[in-house]
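Let's walk through this model together, starting with its rings and then moving on to its nonpolar cores.

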Amino acid sequence: FHVVKALQITPEENTSNISQSIAYLVSKGREAIFDAEHFFDGFKHNPTYALDSIKSAYDAGARWVVLCDTNGGTLPHEIFDITSKVIEAGVPQDSIGIHAHNDTGNAVANSLAAINAGARQVQGTLNGLGERCGNANLITLIPTLVLKEPYSNEFTTNISKEGLKSLTRLSRLVDDILNRIPNRSSPYVGSSAFTHKGGLHASAVLKNPKTYEHISPIAVGNKRVIPVS
């Protein structure tokens, strides 16, 4: 659809352009990343051609083939299924990335679904910044991969648990630079993420924080708050 309507070339010309572009970058000693824009919508419309497009990039030497949910309308079960089919078609999982938009509020979930299927690169932004409803929020994805099983046991992210303690500060610094008010309810780093107000909640947390906290706030540089009303 995009090849014919937006680029106004033939499908064959498009795959040839992809192959030649990647081959040129590789010939210059560069690490080529092919972002397959609109891949998931394209796959649902024409799976054969969608696979031909990304295989032309991989066969030409692309280090990464990144599957993009450009319109942000694909759901996690679809992401998992289609990413699995890409691997079955011959693109190895250690060359597959995921690029998710948040138009259904599923960018983080979609990224995890792709990882579950085999993707090994994740594209996203700090605080989920991006066009329309934003991109996959790395501030949420990173601690999930570092702290949550099975990801924490199976994968290496090159981000240490010690380094993770600067996550809250980083998130708020980005908002400060952009003159944005931080989202209080942001997972992991929001000022409300570890706030316990209800009497029973506060009582239980004082006895054992695990009663109402899935991780220690210290792990991400946040802090526990128990307000008095």
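Which residue lies over the face of Trp-64? Arg-63 does, at 4.1 Å from the ring centre; a charge counts as over a ring if NZ of Lys or CZ of Arg is within 6 Å of the ring centre and within 35 degrees of the ring normal.

A word on the ground rules: this is a predicted model, where local features need pLDDT of at least 70, side-chain atom pairs count only at pLDDT 80 or more, and totals for chains, interfaces and linings use all residues. Residues are numbered from 1 along each chain as its sequence is written, and side-chain values use heavy atoms, leaving out hydrogens and water.

Now the rings. Rings of Phe, Tyr and Trp (its six-membered ring) pair if their centres lie within 6.5 Å, with planes under 30 degrees apart called stacked, over 60 edge-to-face and the rest tilted. That rule gives 3 aromatic pairs. In one of them, Phe-39 and Phe-43 are tilted, 5.9 Å centre to centre with 45 degrees between the planes. Because they are 4 residues apart in helix α3 (residues 39-45), about one helical turn separates Phe-39 and Phe-43; helices are DSSP runs of H or I, at least four residues, and strands are runs of E, at least two, numbered from the N terminus. Both are buried (under 20% relative accessible area; over 50% is exposed, in between partly exposed; 1.4 Å probe, protein chains only). Ring pairs link Phe-39, Phe-40 and Phe-43 into a cluster.

Phe-39 also belongs to the largest nonpolar core, which has 25 residues (buried Ala, Val, Leu, Ile, Met, Phe, Trp, Tyr and Cys joined through side-chain atoms within 4.5 Å). Helix α4 (47-59) gives the most to this core, with 4 residues.
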